[in-house]
Amino acid sequence: MNWRTIIYVVLLVSLTVVTALPRTSRDVEGKTSIGQRFSQLHENNFKAIALILFAQYVPGGTFGRAAGMVEQVTALARSCAMAARDSPDCLKPLDRIFFDTICQEKNLPRIADCCAKEDPERNDCFLSIKNFSQGFIPPLERPDAEAACRNYSQHQQPLTAYFTYEVSRKHPFLPAPTILSVALRYEEMMKRCCRGAEGPSQHLEECFRTQAPKVVKPVREDALRQEHTCGILKKFGERTLKALKLTQISQKFPKADFVTVHKLVMDVADMHKDCCRGDMLDCMRDREDILQYVCSNQHILSSKIQQCCEQPLLQRSECIIHVENDDKPADLSPHIREFIEDRGICERFAQEKDTHLARFLYEYSRRHPEFSAQMLLRIGKGYEDLLKECCKPGAPSSCRSRGEEELRKHIYETESVMKTSCDIYNEKGDYYFQNELLMSFTKKMPQLTSAELIKFTKEMTTIGSKCCQLGQDKLLPCAEENLDLVLGEICRRHLAEPINPGVCRCCSSSYAFRRPCIGKLEVDESYVPLALTPGLFAFHEDLCTTEEEKLQHKKQEMLITLLKYKPQISPEQLGSVTAAFSAMRERCCGEAKPEACFLKEGPELIKRSEKMLSA
């Protein structure tokens, strides 16, 4: 099996690759025969996609068994394409053939129950296995450099296929085009780093150290974005997801009319429903249909996407997502007062509520690319609440006129929060800005582990470094939309293991208001502080490390422990304790035997700190 050829061919194929995929069992038998698909995809492409699908549907299996199933289904496809077109097996929908192939295997984990069911229940059962497997398979790790290059020199093609398999089973909801793109980057890394494998081992390690993030980071980012979108759909429903996509598409394509934008919103929402269910065949076909529509209608959508549409299919989607918003139409009026002042507003709102609100959101979003999607959703919710109140019988005629004032107030509040955060970041820098976040979030969510608090606040600090350098027209979309990803992670963590009632309220009540809600959380009053045990604060000579990053990490762990011990600590008390700790560290690290010094001075520091904290 020429896996390297498979991956390169799949990366370069045109739209026919995904166009040839079936619409699963919803298709009428005979229209989606495996022979037709094999002929349209060609053998290499068929095999690559089959490997990914088998790995995703049976994540607890092995590479050898997945490769064996690929060969079985490919042999059937080949025979159906060549001669046996009318055989009953050849007329089955492709997804049924895949599941039948899996069910022929013996002793695959958690498969027997699914195989005892009939379609479509069998399909749903396999999807539940994909859901169950998430989080139980360890993440990708950077390989041992010398061993990896030895394997690469001896088993170059199977090694890349094995990597494709591992990425697929660790990310059962990641689309095949993303996985194949990652496999290509992996192949490039191995080629680049192992070319000089005969040189010093430190050069090899350095190559892997610098190149591995380029392979792994896109996987994590794509998986996070997809998990985030699926989390919104699952928690807040299809209406919220459609509203979010409406704001984003209206900002991206401000020249497109409402009917065109609405069609794209519906198509994108349907795609996410298939992708989030785990229906990868439908997910890939949906994605291709959208890309084909967008690139066929550039003249009415955007002048900025021509270069994207000239790229191979796998790069096209990512390019369009990241391309800058098109210019607003020259004749677009700055205001949309007709949504407030027209006499027929209440009648339209009563007759076609969702369509009227969607038109408002479309018109407002296309005029304001400088606002984040989440802020636009809050504006949309404010408009909906205004009409609910002002369209009641007996409401004063001046009721709707206060809408603009409330809108200005909300915009000012959001911009002020972001400006204040950036002012702190620009003044303090990465480390001290993260410490400010740690103090805030440890008080809000003391139930999180130190590792979780450091991880989440590190991600927020990265957002500061990325967004605070931008101009006012780009700051809000950059800051709030990236912060929304982190808050989504926190909320999914809460769903898996509840944090506290405040976090529950913010993560459950409203997607659009999630960020302001979490921002307003204060000290969690339900939290029982840590007891002062002998091992709670331990000081050792590893505090004398000259590696600044390690030292900062240890200090942050101690800061978190202190805040979990005394959540109500004042800034003045924290300053005093920090100064006393720094003095002890400097003194002990200057001693000939730092460990002995810490053993003596540590308990004394704790006693003095206790007095400071009880004052």
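Modeller: Here are some labels from this structure, each set against its cut-off; keep in mind that the model is predicted.

Biologist: Let's start with Lys-47. Why is Lys-47 called buried?

Modeller: Its relative accessible area is 8%. Buried means under 20%, so Lys-47 gets that label.

Biologist: And what makes Lys-47 and Glu-43 a salt bridge?

Modeller: The closest N and O atoms of the two are 3.2 Å apart. The cut-off is within 4 Å, for a side-chain nitrogen of Lys or Arg and a carboxyl oxygen of Asp or Glu, so Lys-47 and Glu-43 qualify. Both lie in helix α4, which covers residues 43–57, and they are four residues apart, about one turn of the helix.

Biologist: Why is Glu-43 called partly exposed?

Modeller: Glu-43 has a relative accessible area of 26%. Buried is under 20% and exposed is over 50%, with partly exposed in between, so 26% makes Glu-43 partly exposed.

Biologist: Now Asp-289. What does UniProt say about Asp-289?

Modeller: An unreviewed UniProt entry has the annotation "binding site" covering Asp-289. In the model, Asp-289 sits in helix α14, residues 280–296.

Biologist: How do you know that Asp-289 forms a salt bridge with Arg-285?

Modeller: Their closest N and O atoms are 3.4 Å apart, and the limit is within 4 Å, so the pair counts. Asp-289 and Arg-285 are separated by about one helical turn because they are four residues apart in helix α14.

Biologist: Is Asp-289 buried or exposed, or what lies in between?

Modeller: Asp-289 is partly exposed, at 33% relative accessible area. That value falls between the 20% and 50% limits.

Biologist: What about Asp-342 and Arg-348: what makes them a salt bridge?

Modeller: The N to O distance between their side chains is 3.7 Å, and that is within 4 Å, so the label holds. Asp-342 is partly exposed at 33%, and Arg-348 also counts as partly exposed, at 32% relative accessibility.

Biologist: Which residues do salt bridges with shared partners join into one network?

Modeller: Asp-89, Lys-92, Arg-96, Asp-100, Asp-119 and Arg-122. Across the whole structure, the search finds 51 salt bridges.

Biologist: Last one: which domains does the chain have, and how far apart are the C-alpha centres of domain 2 and domain 4?

Modeller: The domain assignment gives domain 1 (34–133), domain 2 (226–322), domain 3 (328–527) and domain 4 (541–614). The C-alpha centres of domain 2 and domain 4 lie 51 Å apart.

Methods. Residues are numbered from 1 along each chain as its sequence is written. This is a predicted model: local features need pLDDT of at least 70, side-chain atom pairs count only at pLDDT 80 or more; totals for chains, interfaces and linings use all residues. Side-chain values use heavy atoms; hydrogens and water are left out. UniProt positions are given in the numbering used here, feature names are shortened, and annotations may be inferred rather than shown by experiment. Helices (H or I, at least four residues) and strands (E, at least two) are DSSP runs, numbered from the N terminus. Buried means under 20% relative accessible area, exposed over 50%, partly exposed in between (1.4 Å probe, protein chains only). Domain bounds come from an automatic or database domain assignment.
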